[in-house]
Amino acid sequence: MTGAAKWAPLVLFILLGSALTYGLAKPESNTIKSKMVGVSVPSFTLPAAVPGVPGLSSSDLATGRPHLVNVFGSWCLPCMAEAPQLKQIADARVPVVGIAVRDKPEALQRFLGRYGNPFRAIGADDASQVMMAMGSSGVPESFVVDGQGRILQQQIGPINPEDVAGIVAAVKAAR
Amino acid sequence: MIAEAGLAALWLGAALCLLQLTAVALTVGGKAELAGIVRPVAVMQAALTALAFGLLIWLFVQVDLSVALVFENDSSEKPLLYRFAATWGNHEGSMLMWVTILGVAGAAVALLERKLEERTLLATLGGQAVIGLGFYAFLLFASNPFARLMPVPPEGRGLNPLLQDPGLAFHPPTLYLGYVGLSVAFSFAIGALVTRDVGPAFARAMRPWVLGAWIFLTLGITAGSYWAYYELGWGGWWFWDPVENASLMPWLAATALLHSVTVLATRDGLRAWTLMLAVVAFSMSMVGTFLVRSGVLTSVHAFAVDPKRGSFLLALLFLYIGGALALFGARVGTVREGARFDPISREAGLVANNLLLTAILGIVLVGTLYPLILEASTGTKLSVGPPYFNTAAGPLALILVAIMAAGPLLRWRRDNPKLLAKRVAPAAALALVAVVAVKLTAPSISILSLLGLALAAGLALASVAPLWKRNLLRTPLFVWGMVVAHLGIAVSIAGMACDSSFTAEKLVAARVGETVAVGPYNVTFDAVDPTFGPSWQALQATLLARRGDGDVLTLNPQARTYWAPPTETSETAIHTALDGQLYTVLGKQAADGRWQLRLWWKPFVTLIWAGGAMVAIGGALALIGRLWRARRKPQETRA
Amino acid sequence: MRRLLLALALVAAPVLADSDLPPAPLANTQLPDAKQEAEAKALMVTIRCLVCQGQSIADSDAELAGDMRAMVRERIAAGEKPDAIRAWLVQRYGSWVSYEPPFDRVTWALWVAPILFLVVGALIARTSFRRRRV
């Protein structure tokens, strides 16, 4: 074996080992971020999910006022956990709208009755179509949308109490 | 008491391993006083580790809930087979199995190996001891299987329902015998590099060990594929999942090693290649273990262990693989290179075989690790799956099949191209005919499957060609082994091509009483009834399948709910005919009362695993043949 | 160990996290046109399930996977090309959602590697051979 070639396996292994060390040091994250952040909300029209609360369409999000769009389901446990935070955000005069994924009107009414209703509108997304169109991969997720309908930031998972101030500020700062 | 005894046995085993290493180091260094104790110490070490493993099995079978591992993985409700197999259905237990096989392999070498020169054998046992120490340390300091749990809980968590299958009793042990069996080849290579004793005698000594490990690895992968096929309920048998790739990579290296060691044994060629492949094969086993247990890769099959254990394993990898490859670089220059050979010769064919297998190994490695490296360096998440692996490795595999067909027909050292063409012509002609025939009957078949079928036909004919005009009863067993193994590959590839091209799928929402046609079968959905088992309840469908005017077959797929831990699974019902399988699954009930049914007709799919079994049988024939011949003719210098 | 259970539970359909509604109609039934169904199936096996531990949407019992299958089938039935649907999904979730890695600035090495291995292999092979005596 020639001089250089006999060290090639060791060199290749050191490269491999470095790759593995790198990978171990910075592990894969399990969350899939939406790539629609910075882009306009895709156009959609969703019927009302509960009687008495209007449905939601993308044009409602481009009226000049920024919104917080919350993707949730009454069957989802972390959604129940974030309900107080959503109420807080709504109380801070932030327009909160909801997209109810794979939900039934009765279950949704029970949920809203139990945890309060911070939503100005709730669209029924029975086949997760709008959820997918927004690049969301599960519930609960929340999107800060500006007055022109552009998605500014995405919150994956429930909104924790410490996240509330940041979200309120983000919506208020948006045009 | 038993747990403490097991732990004590493990510590004693580790201590003996250290003694083994010390004795070898001293002997190789010049002080030969302790040379005599190396073999007995190796055997005792193996006995102690096996005792520890046996005690762990006992704890699982008896469901001793004061041991944390038993609590997490076992439950008294489980049948005996699953209590037994649960021992290795978890990280710590399977790691103990790894160390046990490592010790037993070393003891086997110490007891059975007679052909190797004494110094090289001792160096080999030293290599085993070095590997053993690292894994003992990992086990004792980071993965103690005997840790106690206080207060003692009333019932265990139970084994995951997907693992409650005879497959768990069979697949991991065979796979580990393969993975860890390759450590012997690794140690042989270390031994040879230390003593610079690389030649035909060394190769003939190493060959049975490589064959043995390779046979088990082949069986383990085949069994795992079939288990996934019938367990997961979607009819797939290979997903290029990181854990599956982790088992394929050692197999590719071991196959290359197997062929390389034959060149070394017969022609004293490919010395450096053989040594390197021996190191690479076990290195791939260790890399695979790291990938599966460190949590760096996402997979359905992974043991998710915390990154701290991953760091320990990574350190072992650097130590062992880095050390071995450094030794290789330092010493291989002094290993006299064997005879060179002609570009048209069997040696050349085997070199091409080695290179292609190594290239495929490289592709699988790159594809498996690329997402990891990319995310760590740029934060971009990427998925690399079947489209990449099939496109990148598929063509190389097909070229390999062609070489496999020609290889056994090539003469050693130097062959005449014209004569070779005459020998290969029948197989080539058959392949050509097959291309045309298949394309005419199935115009929309993919190119990969078409070539796969054609080359499989050619390979099938070519693999039996060495038997042509031979007295079959006087043909050496290892030639039979080669024939059967290569034929097995052809059979397996034919099965793969048929499954990917000719599978008929029916997904329906059916009412009770409806009939669905799938492939040549008419399947009538007769009933759905509740049923139950030792730790589950289920809805069982009764499907009546009929082929033309043949007999009516009953299939009973189930949708099961286990209660400890609460999980839903689907149990497939499969009917195996001579020309394929009818694969049925029961899904959920829709709002309108109809039931989701998934039905597949998979022609010739069983050939995939039948071929795998044939490959293993071929290996066994070759192993028996070699051992028998060595026993009968100990003076033979030519293989 | 818990993560293992969770991971396997996602494969085996967890009992607690189901939504209220049944699967979308086209999640588990095939398109009437066989050619379209084959196209849809070929696409589905290369789209990654977003909530699973490494499965395609064709092989998963998860609800979102079912909704994605339904979406794929609807669009194929409406005449959309598979590549367009893949691009739509990649636009929303990134390359991660497709099992077929693209050929771009960060992934070219992946696709070049096989060719590189072959070339290096051929060069190595040449050094082992002795010159043919004509």
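This is a predicted model: local features need pLDDT of at least 70, side-chain atom pairs count only at pLDDT 80 or more; totals for chains, interfaces and linings use all residues.
A helix axis here is a line fitted to the C-alpha atoms of the stretch in contact, and the angle between two axes runs from 0 to 180 degrees, taken between their N-to-C directions.

The helices to look for are α10 (residues 271–294) and α11 (residues 307–331) of chain B, whose axes come within 9 Å and cross at roughly 170°. Angles over 145 degrees count as roughly antiparallel, and α10(B) and α11(B) are therefore roughly antiparallel to each other. You can trace the contact on screen: on the α10(B) side, the residues that take part include L275(B), M276(B), V279(B), M286(B) and F290(B). Facing them from α11(B) are, among others, L313(B), L314(B), L317(B), I321(B) and F328(B). Sorted by kind, the residues of this helix contact come to 15 nonpolar, four polar and two charged.

Staying in chain B, move along to its sheet. Four strands make an open sheet there, in the order β1-β10-β9-β8, and the pairing is antiparallel. Which strands lie at the edges of this sheet? They are β1 (504–510) and β8 (573–577) of chain B, each of which pairs on one side only. From one strand to the next, the twist averages 15°. If you zoom in on β8(B), you will see that five bridges join it to β9 (residues 580–589) of chain B, with the two strands running antiparallel. A handy landmark in this pair is I574(B), which stands opposite Y583(B) in β9(B).

Now for a sheet in chain A. This open sheet has five strands in the order β5-β4-β3-β6-β7, and its pairing is mixed. Its edge strands are β5 (122–125) and β7 (151–156) of chain A, each pairing on one side only. The twist from strand to strand averages 20° in this sheet. Strands of a sheet pair through backbone hydrogen bonds, and they may do so in parallel or antiparallel fashion.

Is β4(A) largely enclosed or largely open? Six of its six residues are buried, so β4(A) is largely enclosed by the rest of the structure. Beside β4(A) runs β3 (residues 67–72) of chain A; the two strands are parallel and are joined by five bridges. N70(A) stands opposite G98(A) in β4(A), and F72(A) has A100(A) as its bridge partner.

Chain C has another kind of build. Its secondary structure consists of five helices and zero strands. Of its 134 residues, 46% are buried. Among contacts between residues at least 6 apart in the sequence of chain C, 57% join residues at least 24 apart.

Two of these helices, α2 (residues 34–44) and α3 (residues 63–77) of chain C, have axes that come within 9 Å and cross at roughly 140°. The two helices are therefore oblique to each other, and α2(C) passes α3(C) in a right-handed crossing. The meeting residues are Q36(C), E39(C), A40(C), L43(C) and M44(C) from α2(C), and R69(C), V72(C), R73(C), I76(C) and A77(C) from α3(C). By kind, they divide into six nonpolar, one polar and three charged.

Finally, how do the chains meet? The contact between chains C and B takes 43 residues from chain C and 52 residues from chain B. On the chain C side, α5(C) provides the largest share, nine residues. Overall, that side holds 24 nonpolar, 13 polar and six charged residues. Chain C also touches chain A, in a contact of 20 residues from chain A and 18 residues from chain C. Here helix α4 (residues 129–133) of chain A gives the most to the chain A side, with three residues. That side of chain A divides into eight nonpolar, seven polar and five charged residues.

Conventions. Residues are numbered from 1 along each chain as its sequence is written. Chains are lettered from A and ligands numbered from 1 in the order in which they are written. Two residues are in contact if their C-beta atoms, placed from the backbone, lie within 7 Å. Ala, Val, Leu, Ile, Met, Phe, Trp, Tyr, Cys and Pro count as nonpolar, Asp, Glu, Lys and Arg as charged, and the others, Gly among them, as polar. Angles under 35 degrees count as roughly parallel, over 145 as roughly antiparallel, 65 to 115 as roughly perpendicular and the rest as oblique. A crossing is left-handed if the near helix is turned anticlockwise from the far one by less than a right angle, and right-handed if clockwise. A residue is buried if 20 or more other C-beta atoms lie within 10 Å of its own, exposed if 12 or fewer, and partly exposed in between; C-beta atoms are placed from the backbone. Two strands pair if DSSP finds at least two bridges between them.
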